[in-house]
Amino acid sequence: MKRIIVIGGGPAGMMAAASAAENGASVILLEKNEKLGKKLYITGKGRCNITNNTDVAGLLAHTVTNPLFLNSAFYTLDSQALMDFPAFAEVPFKTERGGRVFPQSDKADDINRALESYLRKLGVKILLNTTVQKIIKNNNFQVQTNTKTEESDAVIIATGGLSYPSTGSTGDGYSFAKKLGHTITETSPALVPLITAEPWVSDLEGLSLKNVRCTAKQNNKTIYEETGEMLFTRKGVTGPLILSASAYLISTKNSGLHIDLKPALTTEQLDARVLRDFEKFQNKNFANSLDELLPKRMINIIIQLSEISPYKKVNSITKQERTKLVALLKNLHLTPTATAGYPEAVITKGGINTREVNPSTLMSKKTPNLFFAGEILDVDALTGGYNLQIAFSTGRLAGISASAIST
């Protein structure tokens, strides 16, 4: 019987352990935390956006870094196969806006418990509060932990990246991989809130904007453009649109966000709309003419940025002033100065260089019978369940491949 050690009890590690055990291997799952799946508990705001209800082409299209590397993994376990996975037989799912899939209960705990129960049913030996200190490779592997040394024929490293360090993601896996001959591409926080230079954003803290269009530019080149939802924070912006935009930003240097507050209207149509409102409120002050156009909390900011006096009568606003107002509504500019960092990042960009890993098996090209799965790899995707699907798909492929090695 093949002996396999999986390091990391997150979604990739749990799937890898289950997949190896299903194929007859003796599996030990090592987790440094007091429970499995700690990061799963906070995904999707605690609801666990487990995948996206799309096909393999859709999964690949929403993968930002090294999508082709994931071809075999996605075909091994696509989103439908994940929802049909035996561990989730008693977990009903629902699909929401944008194809996002959640457990019907809206409880991440249901996913965690189902996976842990399945692992125990398969006979996987789960060791919690167990920290790996060193991996030694001779004929087989010796994995030294804080309690003892475990031996195996294969090792799967699924320790995650650097995001949400409170869940135990501290980059240990990178150190293990380096010592076993691998190089790590530059890492940075991704799917992360952005801090912006504009002081007025703090006045809008907590304000959510829906159906706005965000265009992200770097060095005057458009790198991301999408319509959706964003949220103002005390120091900047977040929300699905902003998190996705952050995945494309190499850095915040020479970058800009351009927010179209009325993407359904052309500039000409919006000008006509503003003109109608001005005619309707022609005897009012400018400050009292925008209630039907903007959220109440945005009005003072837009007035301030338009440089039109709030006390100016609407009927005396010039065409030039109105043109400037319309341009502002179609292109509200924000200047990112930094990200909110790893503590608030959903994922880590960068990781194990994919050129050093066989995409068909996820086995290392440097160290035989060493496998990788999940966020530790240099792959990442947009929000919407795609990153968890990557974790489960790579875990599935690594587990199956590890169980098939010759010893």
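Biologist: Which helix does Thr76 lie in?

Modeller: This is a predicted model, so to speak only of what counts: local features need pLDDT of at least 70, side-chain atom pairs need 80 or more, and totals for chains, interfaces and linings use all residues. Residues are numbered from 1 along each chain as its sequence is written, and side-chain values use heavy atoms, with hydrogens and water left out. Helices here are DSSP runs of H or I with at least four residues, strands are E runs of at least two, and both are numbered from the N terminus. On that scheme residues 71–76 form the helix that holds Thr76, namely α3.

Biologist: Is Thr76 buried, partly exposed or exposed, and why?

Modeller: Buried means under 20% relative accessible area, exposed means over 50%, and partly exposed is in between (1.4 Å probe, protein chains only). Thr76 has a relative accessibility of 32%, so it counts as partly exposed.

Biologist: Ser403 next: is it buried or exposed, and why?

Modeller: Ser403 sits in helix α11, residues 386–403. Not counting residues up to four places away in sequence, it touches Lys2, Ile4, Ala20, Asn23 and Ala25. Its relative accessibility is 9%, so Ser403 counts as buried.

Biologist: What share of the chain's residues is buried?

Modeller: The chain has 11 helices and 22 strands, and its C-alpha trace spans about 85 × 40 × 35 Å along the principal axes. Of contacts between residues at least 6 apart in sequence, 72% join residues at least 24 apart. Out of 407 residues, the buried share is 54%.

Biologist: How far apart are the mean positions of the positive and negative charges?

Modeller: Lys and Arg count as positive, Asp and Glu as negative, while His and the chain ends are not counted. Each charge is placed at NZ of Lys, CZ of Arg, CG of Asp or CD of Glu. With 46 positive and 37 negative charges, the mean positions are apart by 2 Å.

Biologist: What kind of aromatic pair do Phe88 and Phe93 form?

Modeller: Rings of Phe, Tyr and Trp (its six-membered ring) pair if their centres lie within 6.5 Å; planes under 30 degrees apart are stacked, over 60 edge-to-face, and the rest tilted. The structure holds six such pairs. For Phe88 and Phe93, the centres are 5.8 Å apart with 85° between the planes, which makes the pair edge-to-face.

Biologist: Which residue lies over the face of Phe102?

Modeller: A charge sits over a ring if NZ of Lys or CZ of Arg is within 6 Å of the ring centre and within 35 degrees of the ring normal. Lys137 does this with Phe141, at 5.1 Å from the ring centre. Over Phe102, at 3.8 Å from the ring centre, lies Arg47.

Biologist: Last one: what is phi of Glu307?

Modeller: Glu307 lies in the loop between α9 (296–306) and α10 (319–330), and it is exposed, with a relative accessible area of 63%. Its phi is positive although the residue is not a glycine, with a value near 65°.

Definitions and conventions:
Contact means heavy atoms within 4.5 Å.
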